[in-house]
Amino acid sequence: MTRPLRILTLSTLFPNAAAPNFGIFVERQTSELARLPSTDVTVINPVGIPPWPLSKLGQYQALADLSEHEQWRGLNVYRPLVRLIPKIGGSSNPRRIAEALLPLVSDLHEQSPFDVIDAEFFYPDGPAAMRLADTLGIPFTIKARGADIHHWTVDPKCRFQILQAAQKASALLAVSEALKQDMVALGIDSDKISVHYTGLDQDKFRPVDRVAAKLALGVSGTLFITAGALIARKNQNLVIRALTQLPDATLMLAGQGEQEQAYRVLAKQLGVTDRVRFLGNVPHDQLPHLTAAADIAILVSKSEGLANAWVEALACGTPVIISEAGGARELVTSASAGRVVDQTAEAIVDAARSILAEPPAQELVRSSVSKFSWKNNGDQLQAILRRAAGKS
């Protein structure tokens, strides 16, 4: 019997006890990969901690207290601490991660050799994986998700490392065709890049009786949802501004982030405080019902790869209003799925009025993502990793 493909999944984005929703899409993808009988997956999730005295801050103390090795939701996960420099240390992070991980990775590799390293975020994971793979003499792959390409390539020192890792990797993945083209525009070899769409739990994310769901939430009028971290890149301020021209609408903001206080102030200034619900970090299992209750999901980000929130909303039968970012037009291929708009409050208002005037049938909206599943995602990823490891 052929032994399973031994995979080391390296991901700085991964849930933990202190942040159970952080990178949950990576966890779900990895769980699907590990479920396959022909794979053996070990996860290494580097936990970045700044030097003293910043390390004593509460947000970092919770991370420092995480178990260094645990079974996390059925996955074998190591969480070694890595000294990283916040804000200004971006270009040195791959080296710091690789140096901190090398003793652990070498020990694990000696016990049971890995066939391939699977880096789940292009930066800093990709260049760190490159260093580890070079030391161990094994191939590696890197997945691009959006911000890792759009944000980090602005810094010349980081861009150099991204391009170097891309050149040395055995295979590259992108979450959308649009992101693949952005990578090609940087000079990355198109033939190396496979479009690897996100998965989807079609059983959890599905339509519900929207009237009853809204009633249970205490909403009688129009309901919008915006799911994602409250950060400037996600542009939630535009949705709050749009409420001033949509007087019967309530907005649920599902997420936390550095812009929350600014958004609360904005809602108060605009007189819409009573119609903006800050839900905080919603457990992922609660998100399907909230999303299905909404009339429209709105996320007009400055940049994306292909947001899981878009796919999940459509599966719930909830049309989307999204920006011309990443794979937007790979999802919104008809008016029933929603609208792709400019990043302005006025564009959001116009699109919302258009959708609400002729609401599409929930099942028709859902049909636009019928091909998305975690099984397809896992099967495709395994095939890519096998080819990269020369085991296909």
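A residue counts as buried when its relative accessible area is under 20%, as exposed when that area is over 50%, and as partly exposed in between, with a 1.4 Å probe and protein chains only. This is a predicted model, in which local features need pLDDT of at least 70 and side-chain atom pairs count only at pLDDT 80 or more, while totals for chains, interfaces and linings use all residues. Residues are numbered from 1 along each chain as its sequence is written, and side-chain values use heavy atoms, with hydrogens and water left out. The protein chain holds 16 helices and 16 strands, where helices (H or I, at least four residues) and strands (E, at least two) are DSSP runs numbered from the N terminus.

**Overall build**

- The radius of gyration of the protein chain, taken over C-alpha atoms, is 21 Å, close to the 21 Å that the globule rule gives for 392 residues, so the chain is as compact as a globular protein of that length; the rule itself is 2.2 Å times the number of residues to the power 0.38.
- Along the principal axes, the C-alpha atoms of the protein chain fill a box of roughly 65 × 50 × 40 Å.
- Of the 392 residues in the protein chain, 55% count as buried.
- Among contacts between residues at least 6 apart in sequence, 71% join residues at least 24 apart, a contact meaning heavy atoms within 4.5 Å.
- The protein chain exposes about 16800 Å², of which carbon and sulfur atoms supply 52%; such areas come from the Shrake-Rupley method with a 1.4 Å probe, and for residues only the protein chains shown count as cover.

**Charges and salt bridges**

- The protein chain carries 40 positive and 39 negative side chains, and the centres of the two sets lie 2 Å apart; Lys and Arg count as positive and Asp and Glu as negative, whereas His and the chain ends are not counted, and each charge is placed at NZ of Lys, CZ of Arg, CG of Asp or CD of Glu.
- Side chains of opposite charge can pair when their charged atoms come close.
- A search of the whole structure finds 16 salt bridges, each being a side-chain nitrogen of Lys or Arg within 4 Å of a carboxyl oxygen of Asp or Glu.
- One of the salt bridges joins R35 and E32, at 2.5 Å from N to O, and both residues lie in helix α1 (residues 24-35), three residues apart, which is about one turn of the helix.
- Within that pair, R35 counts as partly exposed at 46% relative accessibility, while E32 counts as buried at 6%.
- D295 and K214 also form a salt bridge, their closest N and O atoms being 2.9 Å apart, and the pair links distant parts of the chain, with D295 in the loop between α11 (287-293) and β14 (296-299) and K214 in helix α8 (residues 210-216), 81 residues apart.
- Both D295 and K214 are buried.
- In the salt bridge between E304 and R233, the closest N and O atoms are 4.0 Å apart; E304 lies in the loop between β14 and α12 (308-315) and R233 in the loop between β11 (222-227) and α9 (236-242), so the pair ties together parts that are 71 residues apart in sequence.
- E304 counts as buried at 6% relative accessibility, whereas R233, with a relative accessible area of 25%, is partly exposed.

**A buried lysine and a buried histidine**

- K192, in the loop between α7 (177-185) and β10 (193-195), is buried yet has no salt bridge, the nearest side chain of opposite charge being D189, 6.0 Å away.
- Leaving aside neighbours within four places in sequence, K192 is in contact with A166, Q167, K168, A169, A171 and L172.
- H109 lies in helix α3 (residues 93-111) and counts as buried at 16% relative accessibility; not counting residues up to four places away in sequence, H109 touches F114, L136 and I138.

**Backbone features**

- The peptide bond from Y123 to P124 is cis, with omega near 10°, and P124 is found in the loop between β7 (116-119) and α4 (125-136).
- R73, a residue other than glycine, has a positive phi near 50°; R73 sits in the loop between β4 (69-72) and β5 (75-78) and counts as partly exposed at 46% relative accessibility.
- N235, which is likewise not a glycine, has a positive phi near 60°; N235 lies in the loop between β11 and α9 and counts as buried at 6% relative accessibility.
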